[in-house]
Amino acid sequence: MDGRMDGGIPPLVDQYSHGAVHADLGLGEFETHLAEAAGSTGPAPPGTTFFDSRAGLAVRRWCPPLLGLEPHCAPVSYLARRRELGAYRAGRLLLRGAGIGTFLLEAGATTALTSPDELAHAAEGRAHEVVRLEPLAARIADTTGGLDAFLAYTAEALYAASGSATAFATGVTFCDDSPPDATEVREAAGRWLRTRRAGDTPDDPVLVRHLLWSAVATGLPVQLHCARPQRLAGFLRATASRGVDLVLLPDPWHRRQAAQLAAAFPHVYADVGARPEETLREAPFGKLLFSTGARALAELYVVAARLFTRAMDKLMRDWVADGWCRAAEAARIASLVAAGTARRVYRLDAAAV
């Protein structure tokens, strides 16, 4: 790594992403992944391209120079250069140029994306696994028979994962302020096992709540993917004395709400994505963490990192110019959000020993 990013921000800790694809990508496949980053679920209308989106412009601005091209080169030229280098070499150049030193990877859902070890090697950095609860339960259901075996093996798998993983993660829209009782769990698990197809992840609210409370009991940090984090206020209040840190990863329209909850509860933290200016006024700086949320395209790591570092640098310069803080204090604040808080919450320095 080159040590520090623009504006004095150190190498970033990306607290949430999924990894990059292994294979070479044609225009159609690349655009499919770019469409997801642009927030679309369908193909581009005839005669248009997802390179004509903010995500597409950002890729063309920051990624071509990492592959030896001029910024804003034509998409066809960029993809031709990508294929010329090959998927592995192009991905390595992009990841090593992103300015991210440590990745927390939600791994295991698909083998089409890099594992933590593969990502760490390609990026010449460190990577740590975050275990998503729903796919974990699905894999157990696929390989065990009967309700009792499923419940027993799920408990064992959570315990085993807590010894090697850095954190757990789950998608949750609501959670009660107490764990479900054993009877409720058995009934919910039985209903799900009877109706699921191979590969289906749990969608029963009681079963998801059981998995979440089980993860809390391990003491590892838990990432909560929550579209509207205010709906989790009761759960956050109920876990305040459990000795576990919770990190809210809301949708982009509710990041301020997540930051406000992080300010309200000592054990709660909030993801800022690549837009720190939306949240730094809502919570103490040591309660906020950066992430890329990148999936499939190595370019998305570059784009999110550049957006974050530029936004943070501009915000801190404005604060210094307005007299809110001195330059040294601004650098410390930027370092907290970029990496320092993640290192503390996820105990990354201890994991590196």
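Modeller: A crossing is left-handed if the near helix is turned anticlockwise from the far one by less than a right angle, and right-handed if clockwise. The model is predicted: local features need pLDDT of at least 70 and side-chain atom pairs pLDDT 80 or more, while totals for chains, interfaces and linings use all residues. Residues are numbered from 1 along each chain as its sequence is written, and side-chain values use heavy atoms, without hydrogens and water.

Colleague: Which helix does α4 pass, and in what hand of crossing?

Modeller: α4 passes α12, and the crossing is left-handed. Helices here are DSSP runs of H or I with at least four residues, strands are runs of E with at least two, and both are numbered from the N terminus.

Colleague: Why is α4 called roughly parallel to α12?

Modeller: Helix α4 (residues 87-97) and helix α12 (residues 298-321) pack at about 15 degrees, with axes 8 Å apart. Angles under 35 degrees count as roughly parallel, over 145 as roughly antiparallel, 65 to 115 as roughly perpendicular and the rest as oblique; therefore α4 is roughly parallel to α12. The axes are lines fitted to C-alpha atoms, for helices over the stretch in contact, and angles run from 0 to 180 degrees between N-to-C directions.

Colleague: Which residues of α4 and α12 meet?

Modeller: From α4 they are G91, L94, L95 and G97; from α12, A298, E299, Y301, V302 and R306. Contact means heavy atoms within 4.5 Å. By class, this contact of α4 with α12 has 5 nonpolar, 2 polar and 2 charged residues. Ala, Val, Leu, Ile, Met, Phe, Trp, Tyr, Cys and Pro count as nonpolar, Asp, Glu, Lys and Arg as charged, and the others, Gly among them, as polar.

Colleague: What makes β1 and β9 stand at the edges of the sheet?

Modeller: The open sheet has 8 strands, ordered β1-β3-β4-β5-β6-β7-β8-β9, with parallel pairing. Two strands pair if DSSP finds at least two bridges between them. β1 (12-17) and β9 (288-290) each have a single partner strand, so one side of each lacks a neighbour in the sheet.

Colleague: How many bridges join β5 and β6?

Modeller: β5 (residues 167-171) and β6 (residues 222-225) pair in the parallel sense over 4 bridges. A169 has Q223 in β6 as its bridge partner.

Colleague: Why is R347 called partly exposed?

Modeller: Buried means under 20% relative accessible area, exposed over 50%, and partly exposed in between (1.4 Å probe, protein chains only). R347 has 39%, so R347 is partly exposed. R347 lies in the loop between α13 (327-345) and α14 (348-352), and has a positive phi of about 55 degrees without being a glycine.
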